[in-house]
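I am opening a new notebook page for this protein. The entries below follow the order in which I looked things up.

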Amino acid sequence: MTAPRFIAITIVRNETGNYLTEWLKNVGSIADYHIFLDDGSDDDTPDVIARHLETHPGQLHRRKTSLFRENEPALRGQLWEYVRRTARPGDWIWIVDADEFYDHNLVRLKPKLLANEYPDADVVKTSCLDMWNKTSYRTDGLWSPEYADTRIIRFHDVPFGATGSELHMPPYPASTDLTRNLKIWIPKIHMAYLRQDDKMRRYKFYTANVSTDTNPAYHRHALSIADTHVTCKKYITPMQTLAAYFRGRTHYLRIRRTLKKYGK
């Protein structure tokens, strides 16, 4: 009998100026297999991933042109078809972007999922920690919701289906039963707003592309990127760092180094 796997899936495009090297180490130490879909990168992102796959099981698929902004549902559906060709019953699918890091909390949960210790759960609700600087994540307003992001799902061989067409559309199949969920503290350490240039770039993009008429909550969220007074909570602390050293929590320590390298 074939053992179940924890399969990561990712859409990437032009990531070499970001956290690609550190991120590959993070996901590569957790995932049993990784399916990449490159959305028409014109830098060396595919080459970096190809070298990663020389020592980590997985597959890389490449598009000649980018589809994300033109038709995100079609792009995610394409990735899901690769999943359907690869995954088997008992596998869990980990939907992870190239700016999302995970620590020892997911490492401890993974064997429990693969051993089917939660038979009534089809999804795991993660908590988004939008890192605002090298130690802390934002918590005011719509930021850093707990148990809000569905990023880990039990594999079911179903079509991707229609999940929406707006930005921030669900990255999982439309038939996914979100009521069968496991709410456990699995922080998703999100680096998208760590650097000031990234904050401003995303502010300009989202305020230009998210309408207050069609999605007022996301529009308010986009406007709040430029807030000068925000509330944050520490992810990196002296006590947590000391505990990580003594308990061998290498994922936390690597994330700490990445935040220190790129954050302010």
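**Entry 1: Leu 223**

I began with Leu 223, which, apart from neighbours within four places in sequence, is in contact with Tyr 203 and Thr 207; contact means heavy atoms within 4.5 Å. I noted that this is a predicted model, in which local features need pLDDT of at least 70 and side-chain atom pairs count only at pLDDT 80 or more, while totals for chains, interfaces and linings use all residues. Residues are numbered from 1 along each chain as its sequence is written, and side-chain values use heavy atoms, with hydrogens and water left out.

I found Leu 223 in helix 6, residues 216-223. Helices (H or I, at least four residues) and strands (E, at least two) are DSSP runs, numbered from the N terminus. Buried means under 20% relative accessible area, exposed over 50%, and partly exposed in between (1.4 Å probe, protein chains only).

**Entry 2: strand 1**

I went on to strand 1 (6-12). Seven of its seven residues are buried, so strand 1 is largely enclosed by the rest of the structure. In a regular strand the side chains alternate between the two faces of the sheet. Here Phe 6, Ala 8, Thr 10 and Val 12 point one way, and Ile 7, Ile 9 and Ile 11 point the other.

Which strands pair with strand 1? Strand 4 pairs with strand 1 in the parallel sense over four bridges, and Phe 6 stands opposite Trp 92 there. Strand 2 (residues 33-39) also runs parallel to strand 1, joined by six bridges, and Ile 7 stands opposite Tyr 33. Two strands pair if DSSP finds at least two bridges between them.

**Entry 3: the cores**

I then looked up the largest nonpolar core, which has 43 residues. A nonpolar core is a set of buried Ala, Val, Leu, Ile, Met, Phe, Trp, Tyr and Cys residues joined through side-chain atoms within 4.5 Å. Phe 6, Trp 23, Trp 94, Leu 106 and Tyr 235 touch the most other members. The elements giving two or more residues to this core include strand 1, helix 1 (20-28), strand 4 (92-95) and helix 8 (250-262). Helix 8 gives the largest share, five residues.

For Phe 6 I listed contacts beyond four places in sequence; among them are Ile 30, Trp 92, Trp 94, Leu 106 and Ile 152. A second, separate core has 21 residues, including Ile 93, Val 123, Phe 155 and Tyr 172.

**Entry 4: salt bridges**

How many salt bridges does the structure hold? I read off 16. A salt bridge is a side-chain nitrogen of Lys or Arg within 4 Å of a carboxyl oxygen of Asp or Glu.

Asp 39 and Arg 63 form one of them at 3.8 Å, N to O. Asp 39 is in strand 2 and Arg 63 in strand 3 (residues 58-63), 24 residues apart. Asp 39 is buried at 2% relative accessibility, whereas Arg 63 is partly exposed at 22%.

Glu 100 and Lys 188 form another at 3.5 Å, N to O. Glu 100 lies in strand 5 (residues 100-101) and Lys 188 in strand 9, so the pair ties together parts that are 88 residues apart in sequence. Glu 100 is buried at 2%, and Lys 188 is buried at 3%.

Asp 198 and Arg 195 meet at 2.7 Å, N to O, and both are buried. I also noted a network of salt bridges linking Glu 81, Arg 84 and Asp 157.

**Entry 5: two phi angles**

Most residues other than glycine have a negative phi. Asn 14 is not a glycine, yet its phi is positive, about 50°. Asn 14 sits in the loop between strand 1 and helix 1 and is partly exposed, at 24%. Ser 144 is not a glycine either, and has a positive phi of about 50°. Ser 144 lies in the loop between strand 7 (136-138) and strand 8 (149-154) and counts as buried at 13%.
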